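Trainee: Please show me the model, and let us check each label against its definition.

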Amino acid sequence: MSGSADKTFYLETFGCQMNAHDSEKVVGTLLQQGYRQVPSVEEAGLVLYNTCSIRDKAEQKVFNRLADYKKYRTQGKQFGVLGCVAQQEGEKIFERAPYVSLVCGSASYRNLPQMLVQLETGGQRVTGLDDRATDKCFETEYTARTNPHRGYITIIEGCDKFCAYCVVPYTRGKERSRTSSSVLEEARQLVDLGYTEIQLLGQNVNSYRDPDGKKSFAELLVAVASVAGIRRVRFTTSHPRDFGRDIVDVIDSVPALCDHVHLPVQSGSSRVLDAMQRLYTRDEYLERIGWIQAARRDISLTSDLIVGFPGETEREFEETLSLMDVVGYDSVFTFKYSPRPNTPALRLEDAIPDAEKARRLAILNDKQKQIGARRNRRHVGQVLEVMVEGKNPARGQWIGRTSQIKVMNFTVPAGVELTTGSYVQVRVTGSFPNSLVGEMAGV
Ligand code: SAH
Ligand code: SF4
Ligand code: F3S
């Protein structure tokens, strides 16, 4: 039992940035409840996994982890499953892994203090699960800021899009936006903590609706960027259907908004997009890309792509390749379609064999390598602002990120020491498909 004076926990996080940020909320809540975070399962009384179920492999990871640590059950450790697998599988997890005593989805983290008390008093099957009906506010009172450079702010939770392949609407519930005033208040708190870069988070930030009706998403971007002390504002993820031209306009006019848009396309074929229920065609997507490329600023473009959606023909796959050429992405995340519980795509026929998905994925990654190399070459000779994130002692180089979210490895003049979180000007001297190299040119 961990209910003694020294209450310790270990937390491992899987999945997306929203999960990473949720973990900051979980850590904050546990610290507030008198727990101490420890770096290993061995030292912990309470072992927590904040899980992801976006693809089958991600979901398997948590059950593998639990199997690995089953042996500790006899030592009285308690195990908890949080996040998207928890919400998706619910109490079934207790059957599959009987040594788990807490199952809690993201919409219930506010209730963690009560759940911890139940655990401390020997609770065996403590649950915090929500149906999609919840419109409860998702803010927690305490957030530990574990990312040293970037302050995350959730502006919208859940998703109402129901893409045919995706679990998120089931694991994170319906869309709920936060008021613009509470977002701005959190931005000011982050500045007080020393943050200069903010990332606004949501599965679909473009469908942000201020409950107070004060600000559109684009207006919220401007307001956050105008908070004194903020130097960089990022946002993710954008859904093409709701991506308005006003977003490009504000990026163009407000320097603190970063030169980067992540606009997941998933497929270059309108037929496949329709089957995926993405609510836009190839041409409508390209229209939005056109707005971004017509901006005065050089906005980098990234995306998510799925290969092997049921029924995807070779020609349709080639349409994805041609779209990549037309857009010229700076980088992409690529995935093999993975059938997921509850989703409508499960009922579709014409599954693509795994070997074929793997082949398509390899072709796509190869193509992106060439496009990425070309996109990065254009920076050679430019001087870009970089936020310093750390040092690579082995190579004697510093590492940071540009506004366009590119990784920059750079050298500094002899004797110069930088501090992480500071900004420097770097002259780009070379490029690779996924990173830039350079030398510091000034502050
Ligand atoms: N809300 C974001 C995406 C969140 S999930 C959006 O709409 O773009 C991140 C990415 O995982 C998705 O963009 C998609 O490319 C991928 N993904 C989601 N479900 C998947 C599945 N069942 N199989 C393979 N990839 C999937
Ligand atoms: Fe999933 Fe689609 Fe919602 Fe993105 S928009 S989270 S892919 S359902
Ligand atoms: Fe995974 Fe849940 Fe994020 S399924 S990608 S952790 S929203």
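Trainee: What makes G396 stand out in the hairpin of β15 and β16?
Mentor: In that hairpin, with four residues between the strands, G396 takes a positive phi near 65°. This is a predicted model, in which local features need pLDDT of at least 70 and side-chain atom pairs count only at pLDDT 80 or more, while totals for chains, interfaces and linings use all residues. Residues are numbered from 1 along each chain as its sequence is written, chains are lettered from A and ligands numbered from 1 in the order in which they are written, and side-chain values use heavy atoms, with hydrogens and water left out.

Trainee: How do you know that β15 and β16 pair?
Mentor: Two strands pair if DSSP finds at least two bridges between them, and strands are DSSP runs (E, at least two residues; helices are H or I, at least four), numbered from the N terminus. β15 (residues 383-392) and β16 (residues 397-402) have six bridges, therefore they pair, in the antiparallel sense. One of the bridges sets G390 against I399 in β16.

Trainee: Which sense, parallel or antiparallel, holds for β15 and β18?
Mentor: Antiparallel, over five bridges, with β18 covering residues 423-431. The partner of E385 in β18 is Q425.

Trainee: Why is β7 called mostly covered?
Mentor: Buried means under 20% relative accessible area, exposed over 50%, and partly exposed in between (1.4 Å probe, protein chains only). In β7 (residues 150-154), five of its five residues are buried. R150, Y152 and T154 point one way and G151 and I153 the other. In a regular strand the side chains alternate between the two faces of the sheet. β7 is joined by five bridges to the parallel strand β10 (residues 197-201), where Q199 stands opposite Y152.

Trainee: What makes the chain agree with a compact globule?
Mentor: The rule is 2.2 Å times the number of residues to the power 0.38, with the radius of gyration taken over C-alpha atoms. For 443 residues a compact globule would have a radius near 22 Å, and the chain has 23 Å, so the two agree. Buried residues make up 57% of the chain.

Trainee: Which residues are around ligand 3, and how do they divide by class?
Mentor: A residue is near a molecule or strand if one of its heavy atoms lies within 4 Å of it. Those around ligand 3 include C16, C52, C84 and R172. Ala, Val, Leu, Ile, Met, Phe, Trp, Tyr, Cys and Pro count as nonpolar, Asp, Glu, Lys and Arg as charged, and the others, Gly among them, as polar. The shell has five nonpolar, three polar and one charged residues.

Trainee: How does the shell around ligand 2 divide?
Mentor: Into seven nonpolar, two polar and two charged residues. Among them are C159, C163, C166 and R278.
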